[in-house]
Amino acid sequence: MPDNVPVIDEGLNGARHILVLPDRDVAEEVAEALPQRFRVAHEPQLVRDALAGEDDAEDAQWLVVVEDPAGELDPAALEAFAEEHEGWLEAE
């Protein structure tokens, strides 16, 4: 998975959910578990979110972007799932 890719909308309608996680390992674990725990139509996208002025990957947060074209995913359930992994659901 490439680092530092833009979070883009590829013409999908519906909702986009962004889970913010503390590191890459946790983000990868969450991205792998999402399809088993929730019905996701598209593979979650991992994105490195470097904080302003920080070059060290250790200081980066990782985003798991979940496209929800039908708007079927429960944001509260996604937020609880992110919190289980020391993260949160970003309000868009």
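Arg-16 counts as buried, because its relative accessibility is 17% and buried means under 20% relative accessible area. This residue belongs to a predicted model, where Arg-16 has its place in strand S1.

**Arg-16 and its partner**
- The side chain of Arg-16, a residue of strand S1, makes a polar contact with the side chain of Glu-67, at 3.0 Å.

**The sheet**
- Strand S1 is part of an open sheet formed by four strands, which are arranged in the order S2-S3-S1-S4 and paired in antiparallel fashion.
- The edges of this sheet are strand S2, covering residues 45-49, and strand S4, covering residues 88-90, each of which pairs on one side only.
- Strand S2 and strand S3, the latter made of residues 61-68, run antiparallel and are joined by five bridges.
- Across from Gln-61, which is in S3, stands Asp-49.

**The helices**
- Helix H1, which spans residues 24-37, packs on the sheet and touches strand S1 (15-21) as well as S2 and S3, while the direction of helix H1 makes about 15° with that of S3.
- Helix H2, which spans residues 75-84, lies across S1 and S4, and this helix runs at about 15° to S1.

Key: Residues numbered from 1 in each chain as written. Predicted model: local features only at pLDDT ≥ 70, side-chain atom pairs only at ≥ 80, totals over all residues. Heavy atoms only, no water. Pairing = 2+ DSSP bridges. Helix = DSSP H or I, 4+ residues; strand = E, 2+ residues; numbered from the N terminus. Contact = heavy atoms within 4.5 Å. Axes fitted to C-alpha atoms, helices over the stretch in contact; angles between N-to-C directions. Buried < 20%, exposed > 50% of the residue type's maximum accessible area, 1.4 Å probe, protein only. Polar contact = N/O pair within 3.5 Å; in protein donor to acceptor, adjacent residues only side chain to side chain.
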